[in-house]
Amino acid sequence: MVEAKTSTSQNAIVAMQRISKSFGANRVLSDISFEVMAGETHALLGENGAGKSTLMKILMGAYRTDEGRILFAGEDVTALSLRERIDRGIAMIFQELSVLPNRSVAENLFILREPLAFGLRVDARTMVRDAQALIERYAFSLDASARVGDLAFAQRQMVEILKAISRGAKLLVMDEPTSSLTIHEEETLFRTIGQLKQNGIGIVYISHRMADVLRLSDRISIIKDGRLVGPLDPSKTSIENIAAMMSRPKGESPLPTAAAPAKRPPATPVGTPALEVRDLATSRKLSDISLSIDPGEIVGLAGLVGSGRSTLGKALFGILSDVSGHITVAGEPVRPGSVSRAIAAGVALVPEDRRLEGLVGGRSIEENLALPRLSDFSLAGRFGPMAKARITALFRQYRDDLNILCRGPLQKAQELSGGNQQKIVFAKWLAMKPKLLILDEPTSGVDVNAKRDMRELVRRTASEGVAVLLISSELEELLDLSDRILVMAQGRITRRIACAHDETGLRALLQAEAARQTSARAQGVAA
Amino acid sequence: MMTWLRQNARETIAALALVILFAGYIAIHPRGFSTYVVTIWSNQGTLLGLAAIAQFFVVLVKGIDLSVGSIIALTNVMGSFLLNGSPTSIALGMVVVLAVGVACGLVNGIAVVYGGVQPIVTTLATGGIFGGIALLLRPTPGGSIDETMSDALTYAVAGIPVSAVILVIVLVVLLVLLRRTAVGLGLYAIGSSEQSAYMTGLRVNRLKLVAYGSSGFVAALAGTYVSMVTLTGDPNIAPSYTLNSIAAVVLGGVALSGGVGSPIGAVIGALILKTISSLMFFSGLPPLAQPFFEGLILATAIALGALGVFRVRSRLELYR
């Protein structure tokens, strides 16, 4: 291995230089240089799919970079494996923590390197003492002998962070660390980050919440379409500024336009709305949700990660058991809390995680299509034989209609590409003739052409009189498709806007709403 | 044809193995290929085959049933009390025995579905209970079974063993139910991906109860057929049926992770096991060494079943 000492940046713990990465023909990162100093918090912003996680996976060593190199503490680590990089001091704090809930804090901190008495027995007393010393050094509020499962999430996060540092981590990557925290706990995390900085640890802070980022970080970089913008000085920029940098100029769509998108006449309210929700709430996340969607209308649901958008979708679809309030679908009240009741009333949900929740991957395409209404294909009741030919006919219809690329009706659903899988999920609900279609991030993880197809499909579905509730983190998509947009923050609908906004304006608005709700809550906690 | 073979690769390989083993068995057997030999083989195979189908239903929905053997023992013992006398009382007895089997299966299903207890723990406990009831009812093997009925069900007609006919009928009925009905497709769907199935509006809980109930029903068929073959009720047969039924489904290509496999595979697996143990019996292996080799075969079968481990995309999937 070639070890190259450089002096490009004084004090840089990590320097990623001219990184590029392609998956097949798809270039996801081009010529990115990114540095973190000792004791610095460098924030990384970007939309879903912009390339943040790819860059971090390259940093960790899970992916190999196509070009460029990575210096860690002045040493070239480009060729090292993930394991070797962890040993050298790069650590990632995941949203899903890797702590053992049934063990004590001390045991978690020293797992696999417990202090031994006489080389045999784990010396529990020394272990707790060492753990407590470590906790005090970083001034965390933790009890070394507490059971981790009994701790609040923020404290478990501290254990995770301490575990990494006590193993010699000099650089911590935090991916959306506030997403599972309460307001109160967020303050704890921010203090923790302050302590880490004082101890000379570098932090990559990935978040969607610009207010937090502006407050916490020493430098801010933005990844947009695989390129890096910045670094920026947080004291010389603003949310509006960053929002503008993350957005595309108006009218410039990233999607190839094959045919001009069919212009849809705006939905005209006709009698009963397809969906009407009054005072919907869940015990923890949602409160005060009221909305109404007309047949043929596309309503976008905007908000930051953790604002409750997906939770609302799930509540409407009957997945959550603790929903109170009134849901009316096409004039008929639907008691919340049962998926089959929701489906019977005409509600359909295309979930975000299609592989786990949308498709039965191990079964054939035609079975997946027929699954929501199997008994309709039965010739005689539930135990009666099925009309196989009708199922295959259903498959043919939607294959041609939605342009699904596959080998045949019996191909397993899991063998299809992401875009085609999504079309299957879509098709199975379209076949049900739903009254309300809830789409949760319908185009995440599919390629650009499939994205274009999906958008076209959403428009077409709406023009056939189906009400659509569209949840998307891609603001451009929301603005492109929706007739109007509801903004969510902290589990409430805080704004209703007509679609006049441009992307920058909407982005800044979302950040402002999130910040406003957060401070309102914080005052509520303090009071 | 080729696609069909590829889609049913596991069953195909198992069937080939069975043909080879069966040829070896016939070659080694002192009486060679005769109605007598085939009938004995078929009767024994049917017993284990039905047990394997019972196990299959539970494994299909991501469970495992350690009480299959006990349900077989219990229904066998009940059969030794009820399956004699006038035709009416035999018919009535039959209904009771099968109902007991379904009830046992439903008890398992209710504990798993509504109690939220893991299948392995549930069936370990209920297996003890079912087996215990069998022991209380008949502490030592005994009882009587209607011999005319036994003869009719265990001999051969025109050179074809009646047991084979029974097994084929059961298989055909189940295949139609599983492949061509809403309930069958639903069972495969929840076995493959319970979350997706739920999110698609399938009534997951009810379907699971159907699976456990069907398992109990087929186990009761097996118990009844044990009565026909042995003409006694024996409470001590449970452990060997439980263990062998699990090995049979694994050998027959049924994935313990759920959603993959067919009752045909389970039956082929059962026949393979039966043939191997018969082979050992005639190969002059000392009887005391047989459990060792049977254990070895089971371990190999289960290890082969676990080879799927190498095909997962993400290592994390293994720990779900």
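1. How much accessible surface does chain A have, and what share of it belongs to carbon and sulfur atoms? In this predicted model, the accessible surface of chain A amounts to about 23,200 Å², and carbon and sulfur atoms contribute 50% of that area.

2. The overall form of chain A may be described next. Its secondary structure consists of 18 helices and 22 strands. The radius of gyration is 25 Å, close to the 24 Å that the globule rule gives for 527 residues, so chain A is as compact as a globular protein of that length. Along the principal axes, the C-alpha atoms of chain A occupy a box of roughly 75 × 50 × 45 Å.

3. On the interior of chain A, 53% of the 527 residues count as buried.

4. A:Glu367 belongs to helix 12, which spans residues 365-370 of chain A. Its relative accessibility is 14%, and because buried means under 20%, A:Glu367 counts as buried. A:Thr392 stands 25 residues away from A:Glu367 in sequence, and the C-alpha atoms of the two residues are 9.0 Å apart in space.

5. Chain B contains 14 helices and two strands. A compact globule of 320 residues would have a radius of gyration near 20 Å, and the 19 Å of chain B agrees with this. The box filled by the C-alpha atoms of chain B, taken along the principal axes, is roughly 55 × 45 × 35 Å.

6. Of the 320 residues in chain B, 51% are buried. Residues 24 or more positions apart supply 76% of the chain B contacts that have a separation of 6 or more. The accessible surface of chain B is about 14,300 Å², with 72% of it belonging to carbon and sulfur atoms.

7. B:Asp146 is located in the loop that runs between helix 6 (119-137) and helix 7 (147-154) of chain B. The residue is buried yet forms no salt bridge; B:Arg138, the nearest side chain of opposite charge, is 14 Å away.

8. Which partners does B:Asp146 have instead? Its side chain reaches the backbone nitrogen of B:Met149 at 3.0 Å. When neighbours within four places in sequence are set aside, B:Asp146 is in contact with B:Leu83, B:Asn84, B:Gly85 and B:Ile90.

Methods: Residues are numbered from 1 along each chain as its sequence is written. Chains are lettered from A and ligands numbered from 1 in the order in which they are written. This is a predicted model: local features need pLDDT of at least 70, side-chain atom pairs count only at pLDDT 80 or more; totals for chains, interfaces and linings use all residues. Side-chain values use heavy atoms; hydrogens and water are left out. Helices (H or I, at least four residues) and strands (E, at least two) are DSSP runs, numbered from the N terminus. Buried means under 20% relative accessible area, exposed over 50%, partly exposed in between (1.4 Å probe, protein chains only). Lys and Arg count as positive and Asp and Glu as negative; His and the chain ends are not counted. A salt bridge is a side-chain nitrogen of Lys or Arg within 4 Å of a carboxyl oxygen of Asp or Glu. A polar contact is a pair of N or O atoms within 3.5 Å; within protein, one must be able to donate a hydrogen and the other to accept it, and residues adjacent in sequence count only if both atoms are side-chain atoms. Contact means heavy atoms within 4.5 Å. The radius of gyration is taken over C-alpha atoms; the globule rule is 2.2 Å times the number of residues to the power 0.38. Accessible areas come from the Shrake-Rupley method with a 1.4 Å probe; for residues, only the protein chains shown count as cover.
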